[in-house]
Amino acid sequence: MESNKSMSKLDVQKYALTTQTHGTPLIAPMKKYTRPGSVAKDGRVILLLGNGAGFLKETWEPVIEDLFNLDDGKSGTYIVREAWALDCQNHGEGCTVNEDLLSRDQGLLTIWDYADAFASLVKSGLLGIIDPTKTQIVLCGHSAGAVGVTLSTSFFNPPSRLPFSGLILVDPPIWSKSMAGPENEMYKIVEATTPVRLDVWDSREAAVKWFKKRIPWAMWDERVLDIYLKYGLRNLPTAYYPDKTSGVTLTTHRLAENVAFTGKRFSLDAVDRLNQICKHIPVHLIYGDRNDMFERELQDSMISEQEGRTYASIARLEDVGHLVVQEAPTLLAETLFSILSKPNPVAVPTSKL
């Protein structure tokens, strides 16, 4: 464990756990975020955060900081005790610490490895002794991370005995099995360009200049972009580019990011799991109202009372696209605070979108 201060209002501790989902040990790096000077009794919610494809655990920091600002304890108590953000084992710091294995076999990892990281954290004892009458563990995942946190519940059965008090899915790439899939134009473009896009620059300065001039990065909240450029670039050479002796590349290799586009079947696994767990824990959906990546029809298909998919709440954030965490961290923090502020309810029949 290593402790440091990352942002003015966050204390950060670094951890790592080893998973062996498919028989090969892989390291899952994670960070625990608390308020400076906080103690374990300060708050009832432990929030576990999962990233979308291509992103880093640190990109959650503006959301966490804004959430802590809202959850100021003025009522006499805090709601959120701590937040944990986890890197997928082939993303961010995970891509660096596992690069010798991953660079030799890009197919080594699936989203189930990421799901295993969340389950391993809950089982590790790092969260302390959990009294469910006093402490609530809430999973929150964005994009592919929404699939990961949903599947992480599969490591605990029966569904009626889950250790989690809630599940929050932010613009999840999950839809009914009756739907054909996410083949809109934006999705096709991202899918086609991710494995071949530019990922080597002569210098960090050249890379920063490149990102700041291009979509979607130019649309991001400035704090998120600064963090992405700080942690999302690393110096050459790497195990992926052993012959490049200068310049920088992506911390998350582009082929690792592309894995998300080959795992559509895991989204169907997540649908099956939601059918099982929605009646046992409250599940909340948060969408951006700009359908730039997934069509509204796909999102609407998530609702199916007949199959068991009912939700505690559904929110649509104005003027936001698929990249909710990156574009609107403050608005997302406000929405999370609204959800977490409520007493933990049983799942209720969903309202219509």
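Trainee: Where do I start when two helices sit against each other?

Mentor: The general idea is that two packed helices are described by the angle between their axes and the distance between the axes. Keep in mind that this model is predicted. Take helix 5 (residues 144-152) and helix 10 (residues 264-277): they pack at an angle of about 45°, and their axes are 9 Å apart.

Trainee: How does helix 4 cross helix 5, left-handed or right-handed?

Mentor: Helix 4 passes helix 5 in a right-handed crossing. Helix 4 covers residues 111-124, and its axis comes within 8 Å of the axis of helix 5, crossing at roughly 60°. Helix 4 and helix 5 are therefore oblique to each other. On the helix 4 side the contact uses Ile111, Trp112, Tyr114, Ala115, Phe118 and Ala119, while helix 5 brings Ala144, Gly145, Val147, Gly148, Val149, Leu151 and Ser152. The class count for helix 4 with helix 5 is 10 nonpolar, three polar and no charged residues.

Trainee: What about helix 1 and helix 13, at what angle do they pack?

Mentor: Helix 1 (residues 61-70) and helix 13 (residues 329-341) pack at about 50°, with 8 Å between their axes. That crossing is right-handed. Helix 1 supplies Pro62, Val63, Asp66, Leu67 and Leu70, and helix 13 supplies Pro329, Thr330, Leu332, Ala333, Glu334, Leu336, Phe337 and Leu340. This contact has 10 nonpolar, one polar and two charged residues.

Trainee: OK, and how do I look for empty space inside?

Mentor: Rolling a probe the size of a water molecule over the atoms shows where empty space is left. In this model the count comes to one cavity of 30 Å³ or more. The largest cavity has a volume of about 40 Å³.

Trainee: Which residues line the largest cavity?

Mentor: Its lining is made of Gly54, Leu56, Arg197, Tyr228, Gly232, Leu250, Thr251, Thr252 and Glu257. By class, that lining has three nonpolar, four polar and two charged residues.

Trainee: Now the loops. Where are the cis peptide bonds?

Mentor: Check omega. The bond from Asn157 to Pro158 is cis, with omega near 0°, and Pro158 sits in the loop between helix 5 and strand 7. Another cis bond joins Leu236 and Pro237, with omega about 5°. Pro237 is in the loop between strand 9 (233-235) and strand 10 (248-250).

Trainee: What is the phi of Ser143?

Mentor: Near 55°, a positive value in a residue other than glycine. Ser143 is in the loop between strand 6 (136-142) and helix 5.

Trainee: And which residues does Met179 touch beyond its sequence neighbours?

Mentor: Setting aside neighbours within four places in sequence, Met179 is in contact with Glu297, Leu298 and Ser301. Met179 and Ser301 are 122 residues apart along the chain, yet their C-alpha atoms are separated by 7.6 Å. Met179 itself lies in the loop between strand 7 (166-170) and helix 6 (185-193).

Note on methods
Residues are numbered from 1 along each chain as its sequence is written. This is a predicted model: local features need pLDDT of at least 70, side-chain atom pairs count only at pLDDT 80 or more; totals for chains, interfaces and linings use all residues. Side-chain values use heavy atoms; hydrogens and water are left out. Axes are lines fitted to C-alpha atoms, for helices over the stretch in contact, and angles run from 0 to 180 degrees between N-to-C directions. Helices (H or I, at least four residues) and strands (E, at least two) are DSSP runs, numbered from the N terminus. On a 1 Å grid over the protein atoms alone, a cavity is a set of points where a 1.4 Å probe fits but cannot get out, and a pocket is an open set with protein on both sides within 12 Å along at least five of seven lines; lining residues have an atom within 4 Å of a point. Grid points are joined across faces, edges and corners, and a volume is the space filled by probe spheres set on the points. Ala, Val, Leu, Ile, Met, Phe, Trp, Tyr, Cys and Pro count as nonpolar, Asp, Glu, Lys and Arg as charged, and the others, Gly among them, as polar. Angles under 35 degrees count as roughly parallel, over 145 as roughly antiparallel, 65 to 115 as roughly perpendicular and the rest as oblique. A crossing is left-handed if the near helix is turned anticlockwise from the far one by less than a right angle, and right-handed if clockwise. Contact means heavy atoms within 4.5 Å.
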